[in-house]
Amino acid sequence: MESRLSFIFLFIVMRISAAEVVKKNLTGTVGGTITLPGPPLEKGYMLFGGQIIARINIGEIEIEEENYKHKVHWNKNSGLFSLTNLQRNDSGIYTLDNKGQKMMSSYKLTVYDAVPILSVIKSNVSSNSCSLMCSVDGAEETTLSWYRDVKIVIQNNSAVSLSLIVLRQDFNSSHRCVATNPAQEKTLEVDVKTSCGHNDTESRDGKDQRHHKILIGIIISIVAVVLLSSGFIITLIYIDQKMKTKRNEGQTS
(Lines give C-alpha, C1' and ligand atoms only; values in the text may rest on other atoms or scores of the structure.)
Protein backbone atom coordinates (compact mmCIF):
# COMPACT_ATOMS: atom_id res chain seq x y z
CA MET A 1 0.00 0.00 0.00
CA GLU A 2 2.80 2.37 0.91
CA SER A 3 4.62 1.70 -2.35
CA ARG A 4 1.41 2.34 -4.28
CA LEU A 5 0.93 5.71 -2.56
CA SER A 6 4.54 6.59 -3.28
CA PHE A 7 4.02 5.75 -6.93
CA ILE A 8 0.89 7.91 -7.12
CA PHE A 9 2.68 10.78 -5.38
CA LEU A 10 5.63 10.47 -7.76
CA PHE A 11 3.28 10.38 -10.74
CA ILE A 12 1.54 13.58 -9.59
CA VAL A 13 4.87 15.32 -9.00
CA MET A 14 6.05 14.29 -12.47
CA ARG A 15 2.84 15.59 -14.06
CA ILE A 16 3.16 18.93 -12.23
CA SER A 17 6.86 19.18 -13.13
CA ALA A 18 6.12 18.46 -16.78
CA ALA A 19 3.52 21.21 -16.75
CA GLU A 20 6.02 23.65 -15.25
CA VAL A 21 8.67 22.75 -17.82
CA VAL A 22 6.53 23.62 -20.84
CA LYS A 23 5.03 26.75 -19.30
CA LYS A 24 5.07 29.79 -21.63
CA ASN A 25 4.40 33.45 -21.00
CA LEU A 26 1.55 34.96 -23.04
CA THR A 27 0.31 38.54 -23.25
CA GLY A 28 -3.07 39.95 -24.22
CA THR A 29 -4.97 43.25 -24.18
CA VAL A 30 -8.24 44.14 -22.50
CA GLY A 31 -11.10 43.33 -24.86
CA GLY A 32 -8.86 41.21 -27.07
CA THR A 33 -8.62 37.50 -27.89
CA ILE A 34 -5.82 35.01 -27.39
CA THR A 35 -5.38 31.40 -28.48
CA LEU A 36 -3.41 29.01 -26.31
CA PRO A 37 -0.74 27.55 -28.59
CA GLY A 38 -1.44 23.90 -27.84
CA PRO A 39 -0.77 21.05 -28.12
CA PRO A 40 -4.19 20.23 -29.62
CA LEU A 41 -6.62 18.82 -27.11
CA GLU A 42 -9.08 16.10 -28.15
CA LYS A 43 -9.89 14.82 -24.69
CA GLY A 44 -9.09 16.40 -21.35
CA TYR A 45 -9.46 19.53 -19.27
CA MET A 46 -8.68 23.22 -19.22
CA LEU A 47 -7.82 24.62 -15.80
CA PHE A 48 -7.36 28.15 -14.47
CA GLY A 49 -5.45 28.48 -11.23
CA GLY A 50 -5.77 24.75 -10.68
CA GLN A 51 -9.56 24.73 -11.08
CA ILE A 52 -11.28 22.99 -14.01
CA ILE A 53 -13.17 25.53 -16.14
CA ALA A 54 -13.80 23.41 -19.27
CA ARG A 55 -13.55 19.83 -20.45
CA ILE A 56 -13.42 18.17 -23.85
CA ASN A 57 -15.20 14.87 -24.24
CA ILE A 58 -16.22 13.02 -27.44
CA GLY A 59 -15.41 16.04 -29.58
CA GLU A 60 -17.55 18.47 -27.58
CA ILE A 61 -16.72 21.22 -25.09
CA GLU A 62 -18.40 21.47 -21.70
CA ILE A 63 -17.92 24.69 -19.72
CA GLU A 64 -17.73 23.97 -15.99
CA GLU A 65 -17.73 27.57 -14.74
CA GLU A 66 -20.57 29.95 -15.57
CA ASN A 67 -18.20 32.92 -15.86
CA TYR A 68 -16.45 31.26 -18.79
CA LYS A 69 -19.45 30.23 -20.89
CA HIS A 70 -18.97 33.10 -23.34
CA LYS A 71 -15.23 33.49 -22.85
CA VAL A 72 -13.70 30.04 -23.41
CA HIS A 73 -13.94 28.57 -26.92
CA TRP A 74 -12.57 25.38 -28.41
CA ASN A 75 -11.88 24.88 -32.12
CA LYS A 76 -12.89 21.35 -33.05
CA ASN A 77 -10.70 21.36 -36.17
CA SER A 78 -7.48 22.63 -34.57
CA GLY A 79 -8.10 21.35 -31.05
CA LEU A 80 -6.98 24.72 -29.61
CA PHE A 81 -8.57 26.83 -26.87
CA SER A 82 -9.22 30.56 -27.19
CA LEU A 83 -10.14 33.20 -24.64
CA THR A 84 -12.20 36.18 -25.82
CA ASN A 85 -13.08 39.59 -24.36
CA LEU A 86 -10.04 39.49 -22.11
CA GLN A 87 -10.06 41.43 -18.84
CA ARG A 88 -7.31 42.21 -16.36
CA ASN A 89 -8.60 39.57 -13.95
CA ASP A 90 -8.13 36.90 -16.63
CA SER A 91 -4.40 37.06 -15.92
CA GLY A 92 -3.06 33.87 -14.39
CA ILE A 93 -1.94 30.33 -15.15
CA TYR A 94 -3.94 28.20 -17.57
CA THR A 95 -3.26 24.48 -17.78
CA LEU A 96 -4.29 22.00 -20.44
CA ASP A 97 -4.55 18.43 -19.17
CA ASN A 98 -4.42 16.32 -22.32
CA LYS A 99 -5.79 12.86 -21.49
CA GLY A 100 -5.24 11.65 -25.03
CA GLN A 101 -1.50 12.34 -25.00
CA LYS A 102 -1.17 12.03 -21.21
CA MET A 103 0.59 15.37 -20.82
CA MET A 104 -0.02 18.75 -19.26
CA SER A 105 0.87 22.17 -20.65
CA SER A 106 0.72 25.39 -18.67
CA TYR A 107 0.69 29.01 -19.81
CA LYS A 108 1.05 32.18 -17.79
CA LEU A 109 -1.22 34.84 -19.28
CA THR A 110 -0.84 38.54 -18.44
CA VAL A 111 -3.56 40.88 -19.66
CA TYR A 112 -2.67 44.55 -20.14
CA ASP A 113 -4.78 47.59 -20.86
CA ALA A 114 -4.84 48.56 -24.53
CA VAL A 115 -2.34 51.23 -25.54
CA PRO A 116 -4.10 54.61 -25.34
CA ILE A 117 -4.76 56.80 -28.38
CA LEU A 118 -1.84 58.99 -29.40
CA SER A 119 -2.01 62.71 -30.20
CA VAL A 120 0.66 65.21 -31.28
CA ILE A 121 0.55 69.00 -30.96
CA LYS A 122 3.09 71.76 -31.57
CA SER A 123 4.18 73.49 -28.37
CA ASN A 124 6.66 76.03 -29.74
CA VAL A 125 7.69 77.21 -33.23
CA SER A 126 10.57 79.41 -34.35
CA SER A 127 12.24 80.10 -37.67
CA ASN A 128 14.89 77.44 -36.99
CA SER A 129 13.07 74.79 -34.96
CA CYS A 130 9.75 73.32 -33.88
CA SER A 131 8.82 71.65 -30.61
CA LEU A 132 6.30 68.80 -30.81
CA MET A 133 4.57 67.10 -27.88
CA CYS A 134 3.25 63.53 -28.12
CA SER A 135 0.79 62.46 -25.43
CA VAL A 136 -1.47 59.57 -24.42
CA ASP A 137 -4.57 59.39 -22.27
CA GLY A 138 -3.13 57.45 -19.35
CA ALA A 139 0.35 55.97 -19.20
CA GLU A 140 0.21 52.85 -17.04
CA GLU A 141 2.82 50.39 -18.34
CA THR A 142 3.17 52.52 -21.50
CA THR A 143 6.46 53.59 -23.08
CA LEU A 144 6.55 56.64 -25.36
CA SER A 145 9.22 56.99 -28.04
CA TRP A 146 10.05 59.52 -30.75
CA TYR A 147 11.61 58.15 -33.95
CA ARG A 148 13.41 60.09 -36.67
CA ASP A 149 13.60 57.88 -39.75
CA VAL A 150 14.54 54.49 -38.21
CA LYS A 151 16.33 55.69 -35.06
CA ILE A 152 14.94 56.38 -31.60
CA VAL A 153 15.59 60.02 -30.71
CA ILE A 154 14.10 60.06 -27.21
CA GLN A 155 12.18 57.59 -25.03
CA ASN A 156 10.40 57.59 -21.67
CA ASN A 157 8.73 54.84 -19.65
CA SER A 158 5.33 55.43 -18.02
CA ALA A 159 5.11 59.02 -19.28
CA VAL A 160 1.89 60.79 -20.27
CA SER A 161 3.73 63.05 -22.72
CA LEU A 162 7.06 63.33 -24.48
CA SER A 163 8.46 66.41 -26.25
CA LEU A 164 10.77 66.55 -29.26
CA ILE A 165 12.61 69.56 -30.69
CA VAL A 166 13.05 69.31 -34.46
CA LEU A 167 15.64 71.54 -36.11
CA ARG A 168 14.99 73.02 -39.54
CA GLN A 169 17.55 70.75 -41.21
CA ASP A 170 15.50 67.74 -40.02
CA PHE A 171 12.11 68.98 -41.24
CA ASN A 172 12.25 66.73 -44.30
CA SER A 173 13.04 63.59 -42.25
CA SER A 174 10.21 61.23 -41.30
CA HIS A 175 9.07 61.41 -37.68
CA ARG A 176 6.71 59.24 -35.67
CA CYS A 177 5.60 58.86 -32.09
CA VAL A 178 5.24 55.29 -30.81
CA ALA A 179 3.43 54.08 -27.69
CA THR A 180 4.02 50.50 -26.51
CA ASN A 181 3.29 48.17 -23.67
CA PRO A 182 4.23 44.47 -23.38
CA ALA A 183 1.19 43.45 -25.44
CA GLN A 184 0.57 46.18 -28.02
CA GLU A 185 2.09 48.99 -30.06
CA LYS A 186 0.55 52.08 -31.67
CA THR A 187 2.25 54.50 -34.05
CA LEU A 188 1.39 58.03 -35.16
CA GLU A 189 3.22 59.38 -38.22
CA VAL A 190 3.96 63.13 -38.06
CA ASP A 191 4.56 65.53 -40.96
CA VAL A 192 6.71 68.15 -39.25
CA LYS A 193 6.18 70.86 -41.89
CA THR A 194 2.41 70.50 -41.69
CA SER A 195 2.28 70.16 -37.89
CA CYS A 196 4.53 73.18 -37.37
CA GLY A 197 2.88 75.31 -40.06
CA HIS A 198 6.08 75.85 -42.05
CA ASN A 199 4.33 75.00 -45.31
CA ASP A 200 1.99 77.95 -44.74
CA THR A 201 4.88 80.21 -43.76
CA GLU A 202 6.86 79.24 -46.83
CA SER A 203 3.78 79.77 -49.02
CA ARG A 204 3.20 83.24 -47.58
CA ASP A 205 6.88 84.07 -47.97
CA GLY A 206 6.74 82.96 -51.60
CA LYS A 207 3.67 85.11 -52.28
CA ASP A 208 5.29 88.11 -50.57
CA GLN A 209 8.40 87.67 -52.69
CA ARG A 210 6.32 87.51 -55.88
CA HIS A 211 4.37 90.61 -54.88
CA HIS A 212 7.61 92.38 -54.07
CA LYS A 213 9.06 91.50 -57.48
CA ILE A 214 5.90 92.67 -59.24
CA LEU A 215 5.96 95.95 -57.32
CA ILE A 216 9.60 96.52 -58.21
CA GLY A 217 8.80 95.79 -61.86
CA ILE A 218 5.98 98.33 -61.84
CA ILE A 219 8.19 100.97 -60.23
CA ILE A 220 10.96 100.34 -62.76
CA SER A 221 8.43 100.60 -65.61
CA ILE A 222 7.11 103.89 -64.26
CA VAL A 223 10.61 105.26 -63.84
CA ALA A 224 11.47 104.16 -67.38
CA VAL A 225 8.36 105.84 -68.76
CA VAL A 226 9.17 109.00 -66.84
CA LEU A 227 12.74 108.97 -68.08
CA LEU A 228 11.67 108.36 -71.65
CA SER A 229 9.06 111.09 -71.43
CA SER A 230 11.62 113.47 -69.95
CA GLY A 231 14.05 112.64 -72.73
CA PHE A 232 11.37 113.19 -75.36
CA ILE A 233 10.44 116.57 -73.87
CA ILE A 234 14.06 117.60 -73.66
CA THR A 235 14.53 116.60 -77.27
CA LEU A 236 11.51 118.66 -78.31
CA ILE A 237 12.81 121.67 -76.40
CA TYR A 238 16.21 121.25 -78.00
CA ILE A 239 14.69 121.06 -81.49
CA ASP A 240 12.51 124.07 -80.77
CA GLN A 241 15.50 126.07 -79.57
CA LYS A 242 17.47 125.11 -82.67
CA MET A 243 14.63 126.22 -84.92
CA LYS A 244 14.33 129.55 -83.09
CA THR A 245 18.08 130.08 -83.39
CA LYS A 246 17.94 129.47 -87.15
CA ARG A 247 15.00 131.86 -87.58
CA ASN A 248 16.81 134.52 -85.65
CA GLU A 249 19.94 134.05 -87.75
CA GLY A 250 17.82 134.30 -90.96
CA GLN A 251 16.23 137.57 -89.85
CA THR A 252 19.59 139.03 -88.95
CA SER A 253 21.00 138.26 -92.35
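## Salt bridges, strands and a surface patch

The side chains of E60 and K76 form a salt bridge, with 4.0 Å from N to O. E60 belongs to strand β5, while K76 sits in the loop between β6 (72-74) and β7 (81-83), so the pair ties together parts that are 16 residues apart in sequence. How open to the surface is each partner? E60 counts as partly exposed, at 47% relative accessibility. K76 is exposed, because its relative accessible area is 56% and the cut-off for exposed is over 50%.

Now step back to the whole chain. This is a predicted model. The protein chain has 253 residues, and buried residues make up 31% of them. It holds three helices and 16 strands. Its accessible surface comes to about 16500 Å², and carbon and sulfur atoms account for 56% of that. Contacts also reach along the sequence. Take those between residues at least 6 apart: 56% of them join residues at least 24 apart.

Return to β5, the strand that holds E60. Which strands share its sheet? Six strands form an open sheet, in the order β1-β9-β8-β3-β4-β5, with mixed pairing. β1 (24-29) and β5 (60-63) stand at the edges. Each has a single partner strand, so one side of each lacks a neighbour in the sheet. Neighbouring strands here are turned by 25° against each other on average, direction ignored.

Look inside this sheet at β3 and β4. Strand β3 covers residues 44-48, and strand β4 covers residues 51-57. The two run antiparallel, joined by five bridges.

Six bridges join β12 to strand β13 (residues 151-157). Together β12 and β13 form a hairpin, with two residues between them. In the turn, D149 has a positive phi of about 60°. Y147 has I152 in β13 as its bridge partner.

The side chains of R148 and D170 meet, with 4.0 Å from N to O. R148 lies in β12 (residues 143-148), and D170 in the loop between β14 (161-167) and β15 (175-181), so this pair ties together parts that are 22 residues apart in sequence. Is R148 buried or exposed? R148 counts as buried, because its relative accessibility is 19% and buried means under 20%.

How many salt bridges does a search of the whole structure find? The search finds seven. Side chains of opposite charge can pair when their charged atoms come close. D97 and K99 give another example, with their closest N and O atoms 3.2 Å apart. D97 is buried, at a relative accessible area of 10%. K99 is partly exposed, at 38%. Salt bridges can also link up: R88, D113 and E141 are joined in a network of them.

Finally, turn from charge to a nonpolar stretch of surface. Which residues form the nonpolar patch there? They are I214, I218 and I222, with about 290 Å² of accessible area together. I222 is placed in helix α3, which covers residues 198-252.

Technical notes: Residues are numbered from 1 along each chain as its sequence is written. This is a predicted model: local features need pLDDT of at least 70, side-chain atom pairs count only at pLDDT 80 or more; totals for chains, interfaces and linings use all residues. Side-chain values use heavy atoms; hydrogens and water are left out. Helices (H or I, at least four residues) and strands (E, at least two) are DSSP runs, numbered from the N terminus. Buried means under 20% relative accessible area, exposed over 50%, partly exposed in between (1.4 Å probe, protein chains only). Contact means heavy atoms within 4.5 Å. Accessible areas come from the Shrake-Rupley method with a 1.4 Å probe; for residues, only the protein chains shown count as cover. Two strands pair if DSSP finds at least two bridges between them. Axes are lines fitted to C-alpha atoms, for helices over the stretch in contact, and angles run from 0 to 180 degrees between N-to-C directions. Patches are made of residues with over 30% relative accessible area and no salt bridge: like charges are joined within 9 Å, nonpolar side chains (Val, Leu, Ile, Met, Phe, Trp, Tyr) within 5 Å.
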